[in-house]
Amino acid sequence: CVTEMDNVGILQHLVFHPIYSQLELPVRHRFPIEKYQGIHDALCAGGVSESAFTTPTPVGRDTLTNWYDASYVDALIGGTLDTKAMRRIGFPWSEQLIKRSLTAVGGTLKTAELALAHGLALNLTGGYHHAGADWGSGFCLFNDLYLAARQMLTNPGIDSVLIIDLDVHQGDGTALLAQDDTAVITLSLHGEKNFPHRKQQSDMDFPLPKGMTDEPYLATLDEALSVAERLYAPDAIIYDAGVDVHENDDLGLLNITTAGVYQRDCMVFDWCRRHNLPVACVIGGGYQRDINALVDVHLQLYRAAGVIPQR
């Protein structure tokens, strides 16, 4: 998907912090917290140097409250959010959860900054698209995608940002946050009969039937990118490359192969390159219990970007 010359620059723009996977969860908890460290270790085993990784700093409270409800932000950070709201998020509250989440969001902001400076950057976490202005949901505390889009828009020459969300679950929080924001454009391909039960309206929604396979999925993506190109003229891209579309994912309900995931990511990168659009990538969801198998599917993003070779 990339030339050797492209690859030289990309290797300097990976974002990672060990805290991404440093969270103690209850036994058999559904969230595969180990996958972030697993992706890092696999990239290093594939020849990526530790010097290639930028270490992010936690996002500050003021940055969050510029766009999100201050009472929600303070209650969540301070551990006083009510039990029902925490249950909707899906994690037990802990100081480590907050440190980890603030750093992960900071990682997406750093990725967006690097993408504008260098054309392409990839976070080893991110995609917290179920969080809204005053609520969290589905393992998402603070919406990093919308926050990163707003940060990108503060840069000269960036008047609109397109969020391409290919996680199998619709980014309902992102869609709602951007509903009246003409500078942030939302595009979502998602399982029609999957979480969240109540969908929000993105600028472009492509609901997918259960069991969809590679060929119709990639054709739908091609159509979606054509629509985005025809209706909007974005200046930058945020790409949520969720792999819960995979055929072996426990929560996905689609039948996309590993090769299909790779082709999908190549298609997005090629489209961005043709239009000379900087792209900040996050890894999104993926819920196989076999962490090694899950990591391998997530690695398709980095293979498509040329960070490590495609097998």
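Why are Arg-273 and Asp-270 separated by about one helical turn? The two residues are 3 residues apart in helix H10 (residues 258-274), and therefore about one turn of the helix lies between them. Helices (H or I, at least four residues) and strands (E, at least two) are DSSP runs, numbered from the N terminus.

The model is predicted: local features need pLDDT of at least 70, side-chain atom pairs count only at pLDDT 80 or more, and totals for chains, interfaces and linings use all residues. Residues are numbered from 1 along each chain as its sequence is written, and side-chain values use heavy atoms, with hydrogens and water left out.

**Salt bridges**

The structure holds 8 salt bridges, a salt bridge being a side-chain nitrogen of Lys or Arg within 4 Å of a carboxyl oxygen of Asp or Glu.

| Lys-110 | Glu-113 | 3.2 Å |

Accessibility is classed by relative accessible area: buried means under 20%, exposed over 50%, and partly exposed in between (1.4 Å probe, protein chains only). Arg-273 has a relative accessible area of 38% and so is partly exposed. Asp-270, at 29%, is partly exposed. Salt bridges that share partners also join Arg-61, Asp-62 and Asp-74 into one network.

Lys-110 and Glu-113 both belong to helix H6 (residues 95-118), where they are 3 residues apart, about one turn of the helix. Lys-110 is partly exposed because its relative accessible area is 23%, and Glu-113 is partly exposed at 43%.

**Aromatic rings and charges over them**

A pair of aromatic rings is described by the distance of the centres and the angle of the planes. Rings of Phe, Tyr and Trp (its six-membered ring) pair if their centres lie within 6.5 Å; planes under 30 degrees apart count as stacked, over 60 as edge-to-face and the rest as tilted. The structure holds 12 aromatic pairs. One of them is formed by Trp-67 and Tyr-146, which are edge-to-face, at 6.1 Å centre to centre and with 85° between the planes. This pair links distant parts of the chain, 79 residues apart: Trp-67 is in the loop between helix H3 (61-65) and helix H4 (70-78), and Tyr-146 is in helix H7 (residues 144-152). Trp-67 has 38% relative accessibility and so counts as partly exposed, whereas Tyr-146 has 4% and so counts as buried.

One aromatic cluster is formed by Phe-16, Tyr-20, Phe-31, Tyr-36, Phe-53, Phe-91, Phe-139 and Tyr-287. A charge sits over a ring if NZ of Lys or CZ of Arg is within 6 Å of the ring centre and within 35 degrees of the ring normal. Lys-35 lies over the face of Tyr-287, at 5.8 Å from the ring centre. Arg-88 lies over the face of Trp-135, at 4.5 Å from the ring centre.

**Helix packing around H10**

Axes are lines fitted to C-alpha atoms, for helices over the stretch in contact, and angles run from 0 to 180 degrees between N-to-C directions. H10 and helix H11 (residues 291-304) pack at an angle of about 30°, with their axes 8 Å apart. Angles under 35 degrees count as roughly parallel, over 145 as roughly antiparallel, 65 to 115 as roughly perpendicular and the rest as oblique. H10 and H11 are therefore roughly parallel to each other.

Helix H9 (residues 214-231) packs with H10 at an angle of about 15°, the axes being 10 Å apart, and H9 and H10 are therefore roughly parallel to each other.

Tyr-262 is found in helix H10 and, with 17% relative accessibility, counts as buried. The C-alpha atoms of Tyr-262 and Tyr-302 are separated by 9.2 Å, while the two residues are 40 residues apart along the chain.

**Backbone features**

A cis peptide bond joins Phe-195 and Pro-196, with omega about -5°. Pro-196 is placed in the loop between strand S5 (184-191) and strand S6 (204-208).

Phe-139, a member of the aromatic cluster, has a positive phi of about 70° although it is not a glycine. Phe-139 is in the loop between strand S3 (120-123) and H7, and with a relative accessible area of 15% Phe-139 is buried. Asn-276, also not a glycine, has a positive phi of about 55°. Asn-276 is in the loop between H10 and strand S8 (279-282), and its relative accessible area of 69% makes Asn-276 exposed.
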